[in-house]
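Please view the chain first.

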Amino acid sequence: MAKIECALQGNIDEILKDFDNAVMQSSSATLEESSDFRADNARCIVRAYERYSYFGKGRVSLNIVLFQSDERIKLSAVTTGGSQAMFFKLNTIGENSFLDTIREVVRKYSI
């Protein structure tokens, strides 16, 4: 598992669009599921993507959560999968590689 957690600044819809574009440019990436909801002054956006990992010879997932409360935006991006081991992970290259697809977007909006 690999993850990025940080605070972002900007328009949440533009940030989401940039994340989506960055991920979907990745080979074999697909949007598997999404969820968006609001409560009072808060908004939560969830995206679950998958792609094939050549290193792990399996599917890897990237889950992005954007949470906005008033003007503050928090990001949690987590990757999982891609290892062939049964009881422990031998290889996290695919997970880190999938997370790398959004690092430039994170830098662009990071506080």
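The notes below take the helix and then the loops of this predicted model.

Helix α1 covers residues 12–24, a run of 13 residues. From first C-alpha to last, α1 reaches 18 Å. That is close to the 18 Å expected at 1.5 Å a residue.

## Helix α1: buried face

Which residues of α1 are buried? They are Ile12, Ile15, Leu16, Phe19, Ala22 and Val23. Viewed down the axis of α1, the buried residues fall within an arc of 130 degrees, so they line one face of the helix.

What covers these buried residues? The cover includes the strands β1 (2–8), β3, β4 and β5. It also includes the helices α2 (93–100) and α3 (103–109).

Most residues other than glycine have a negative phi. Asp40 has a positive one, near 55 degrees. Asp70 is not a glycine either, and its phi is positive at about 55 degrees.

Where does Asp40 sit? Asp40 lies in the loop between β2 (30–39) and β3 (42–53). Asp70 lies in the loop between β4 (58–69) and β5 (72–81).

## Exposure of the loop residues

Asp40 has 84% relative accessibility. Exposed means over 50%, so Asp40 counts as exposed. Asp70 has 43% relative accessibility and therefore counts as partly exposed.

Note on methods: Residues numbered from 1 in each chain as written. Predicted model: local features only at pLDDT ≥ 70, side-chain atom pairs only at ≥ 80, totals over all residues. Heavy atoms only, no water. Helix = DSSP H or I, 4+ residues; strand = E, 2+ residues; numbered from the N terminus. Buried < 20%, exposed > 50% of the residue type's maximum accessible area, 1.4 Å probe, protein only. Expected span 1.5 Å × (residues − 1). Arc of directions from axis to C-beta. Contact = heavy atoms within 4.5 Å.
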